[in-house]
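Please examine the structure shown below.

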Amino acid sequence: MSEAGAATIRRAHAEHPVTAIQNEYSFWTRDPEAEVLPVCEELGIGFVHWSPLGMGYLTGKVRPSYQFAEGDIRKSLNFPRFTKEALEKNQWVVRLLKKVGNRHEATPGQVALAWLLAKKPFIVPIPGTRLIPHQLENLGAAQVKLSASEMNELETEFTAIGVFGDRAPENLKASHDIGTSLGTSSKGTVGKTPLSKTK
């Protein structure tokens with residue numbers, strides 16, 4: 001199931017054991033922490049999240065001067081974090097990942113993935129790429145072992161500053177389930193998916 005909220009996950013799991021949930025989650029997108037990750041942990045469901053590198057931004061390669069290719073959905077679909085203003089204002093996120101990465105001879109992207117791997121054993125990032133060098137870089141994140149103090153440092157600085165821009169355009173978020181985005185909750189609902197007419 002993808003972009004499912006806690007109520008929908010509970011409904012589905014009651015019908016048949018759910019193996020995994022696939023929602024967006026990364027160092028700069030924390031939406032699942034409110035209700036999706038807790039219900040996955042409670043029910044023993046894996047969380048294989050998409051866009052663990054923030055659609056490439058957390059690698060440090062998408063700078064304010066970045067030239068997007070024709071048809072790149074980050075631009076063509078108007079993702080709020082990929083406006084020129086957002087690309088500039090969120091550079092601090094990459095600088096923070098780079099600062100921690102320098103201690104491990106790791107790239108910002110590797111630190112972003114290592115942070116996810118250190119969170120919980122049921123959380124498994126699935127970074128997508130078309131290039132072998134990028135895949136090899138991603139695999140190298142498994143060798144980056146962040147200390148408890150580094151995890152706390154990352155969390156403290158992230159909380160203090162926050163991210164500029166929403167994770168997705170409003171028209172795209174409208175198709176997501178209740179409880180998958182910050183500011184929404186599926187508590188007390190049956191989720192966005194219609195109830196079966198036989199029940």
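In this predicted model, lysine 145 is in contact with His104 and Glu150, once its neighbours within four places in sequence are left aside. Histidine 104 stands 41 residues away from lysine 145 along the chain, yet the C-alpha atoms of the two are separated by 8.3 Å.

Lysine 145 itself belongs to the loop between α7 (132-139) and α8 (148-161). Within its own stretch of chain, a polar atom of the lysine 145 side chain lies 2.9 Å from the backbone oxygen of alanine 142. Is lysine 145 buried or exposed? Its relative accessible area is 61%, and because the term exposed applies over 50%, lysine 145 is classed as exposed.

Rolling a probe the size of a water molecule over the atoms shows where empty space is left. The largest pocket has a volume of about 640 Å³, and 19 residues line it. Nearest its centre lie Met55, Gly56, Arg74, Gly128 and His134. Two elements, α3 (73-76) and α7, each give two or more residues to the lining of this pocket. Of the elements, α7 gives the most, with three residues.

What is the make-up of the lining of the largest pocket by class? Eight of the lining residues are nonpolar, seven are polar and four are charged.

How values were computed
Residues are numbered from 1 along each chain as its sequence is written. This is a predicted model: local features need pLDDT of at least 70, side-chain atom pairs count only at pLDDT 80 or more; totals for chains, interfaces and linings use all residues. Side-chain values use heavy atoms; hydrogens and water are left out. Helices (H or I, at least four residues) and strands (E, at least two) are DSSP runs, numbered from the N terminus. Buried means under 20% relative accessible area, exposed over 50%, partly exposed in between (1.4 Å probe, protein chains only). Contact means heavy atoms within 4.5 Å. A polar contact is a pair of N or O atoms within 3.5 Å; within protein, one must be able to donate a hydrogen and the other to accept it, and residues adjacent in sequence count only if both atoms are side-chain atoms. On a 1 Å grid over the protein atoms alone, a cavity is a set of points where a 1.4 Å probe fits but cannot get out, and a pocket is an open set with protein on both sides within 12 Å along at least five of seven lines; lining residues have an atom within 4 Å of a point. Grid points are joined across faces, edges and corners, and a volume is the space filled by probe spheres set on the points. Ala, Val, Leu, Ile, Met, Phe, Trp, Tyr, Cys and Pro count as nonpolar, Asp, Glu, Lys and Arg as charged, and the others, Gly among them, as polar.
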